[in-house]
Amino acid sequence: MTRPLSCRNPRGPLAGGQATGGGWPDHLRFLRSWASHPLRVAAIAPSGASLARLITREIDPEHAPVLELGPGTGVFTRALLDRGIDEADLTLVEYGADFAALLRNRFPRARVLQADAARLAGRNLFPDRQAGAVVSGLGLLSMPPRTVFAIIAGAFACMEPRGALYQFTYGLRCPVPGPVLDRLALQATRVGGTLANLPPASVYRITRRGLG
């Protein structure tokens, strides 16, 4: 199976060239990860802070707990904290071992799982209550439809009925193929875009049909 991609994380307080966790600035850490795993990490540089604000702007503390897929260096995560989400209410699913270790260091109160986002189905991630929102930094455009289906199905399996998944893309349309949306009875709505990002990016809100 093609592995999910790590997030092209937006620039944040620790991603603007600072050396963290072993002396690597985040942009170099990201480039090193891409060079080692080009099929898993879809871009060679982090995205902008404007994208982090855009993808999290509809999420509030009432949506806790929140699931993040492919957090990479954790700048979407920091944007969620800026929105008022308690760190302890975050579950971060990251495939890369180096990124997972970095996340545990930066967000010690969050739950960090080194796992394949395409294999979440059947895992009881939230035994007490379901997630109110999912933020995805995965590069879905480079994945086969069966992998995208597994990721989206797994995310919605652990989310409350009115919950939403927020997915960004560098493409011109929703990165979740129409047949996948149809099979899962989902709908996608473009939340907005940012030209400040390099390359420019858009964010889509994906919800169950008739509920969002």
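**View 1. Phe76, Phe168 and Tyr170 make up one aromatic cluster.** The model shown here and in every other view is predicted. The structure has two aromatic pairs. Phe168 has 2% relative accessibility. Tyr170 is partly exposed, at 28%.

**View 2. Helix H3 is mostly covered.** Six of the eight residues of H3 are buried. They are Val75, Phe76, Thr77, Arg78, Ala79 and Leu80. Which elements do the buried residues of H3 pack against? The partners are H2, E3, E4, helix H4 (97-106), E6 and E7. Just after H3 comes Gly84, with a positive phi of about 100°.

**View 3. Gln167 is a buried residue of the protein.** Gln167 sits in strand E7, which covers residues 159-169. Its relative accessibility is 1%, so Gln167 counts as buried. The side chain of Gln167 makes a polar contact of 2.5 Å with the side chain of Ser136. Beyond its neighbours within four places in sequence, Gln167 touches several residues, including Ile55, Leu138, Leu140 and Pro175. Ser202, Val203 and Tyr204 are also among the contacts of Gln167.

**View 4. Arg83 and Asp60 form a salt bridge.** A search of the whole structure finds six salt bridges. In this one, N and O are 2.6 Å apart. Arg83 lies in the loop between helix H3 (75-82) and strand E4 (90-94), and Asp60 in the loop between helix H2 (49-56) and strand E3 (66-69), so the bridge ties together parts that are 23 residues apart in sequence.

**View 5. Arg129 and Asp89 are joined by a salt bridge.** The N to O distance is 3.3 Å. Arg129 is in the loop between strand E5 (111-114) and strand E6 (131-136), while Asp89 is in the loop between H3 and E4, so the pair ties together parts that are 40 residues apart in sequence. Arg129 is partly exposed, at 45% relative accessible area. Asp89 is partly exposed, at 23%.

**View 6. Asp182 and Arg209 meet in a salt bridge.** Their side chains come to 2.4 Å, N to O. Asp182 is in helix H6 (residues 178-183), and Arg209 is in the segment after strand E9 (201-208). The two residues are 27 apart, and the pair links distant parts of the chain. Asp182 is partly exposed, with a relative accessible area of 49%. Arg209 is partly exposed, at 41%.

**View 7. The charged ends of Arg111 and Arg183 sit over aromatic rings.** Arg111 has its charged end over the ring of Phe126, 5.5 Å from the ring centre. Arg183 has its charged end over the ring of Phe149, 4.2 Å from the ring centre.

**View 8. The largest nonpolar core has 32 residues.** Leu67, Leu69 and Val176 touch the most other members. Two or more residues of this core come from each of E3, E6, helix H5 (145-157), E7, H6 and E9. Which element gives the most to this core? H5 does, with seven residues. Leu69 touches residues well beyond its neighbours up to four places away in sequence, including Val93, Ala117, Leu120, Val134 and Val135. Ser136, Gly137, Leu138, Ile151 and Ala155 are also touched by Leu69. A second, separate core holds 26 residues, among them Ile55, Leu90, Leu92 and Phe168.

Definitions and conventions. Residues are numbered from 1 along each chain as its sequence is written. This is a predicted model: local features need pLDDT of at least 70, side-chain atom pairs count only at pLDDT 80 or more; totals for chains, interfaces and linings use all residues. Side-chain values use heavy atoms; hydrogens and water are left out. Helices (H or I, at least four residues) and strands (E, at least two) are DSSP runs, numbered from the N terminus. Buried means under 20% relative accessible area, exposed over 50%, partly exposed in between (1.4 Å probe, protein chains only). A polar contact is a pair of N or O atoms within 3.5 Å; within protein, one must be able to donate a hydrogen and the other to accept it, and residues adjacent in sequence count only if both atoms are side-chain atoms. Contact means heavy atoms within 4.5 Å. A salt bridge is a side-chain nitrogen of Lys or Arg within 4 Å of a carboxyl oxygen of Asp or Glu. Rings of Phe, Tyr and Trp (its six-membered ring) pair if their centres lie within 6.5 Å; planes under 30 degrees apart count as stacked, over 60 as edge-to-face and the rest as tilted. A charge sits over a ring if NZ of Lys or CZ of Arg is within 6 Å of the ring centre and within 35 degrees of the ring normal. A nonpolar core is a set of buried Ala, Val, Leu, Ile, Met, Phe, Trp, Tyr and Cys residues joined through side-chain atoms within 4.5 Å.
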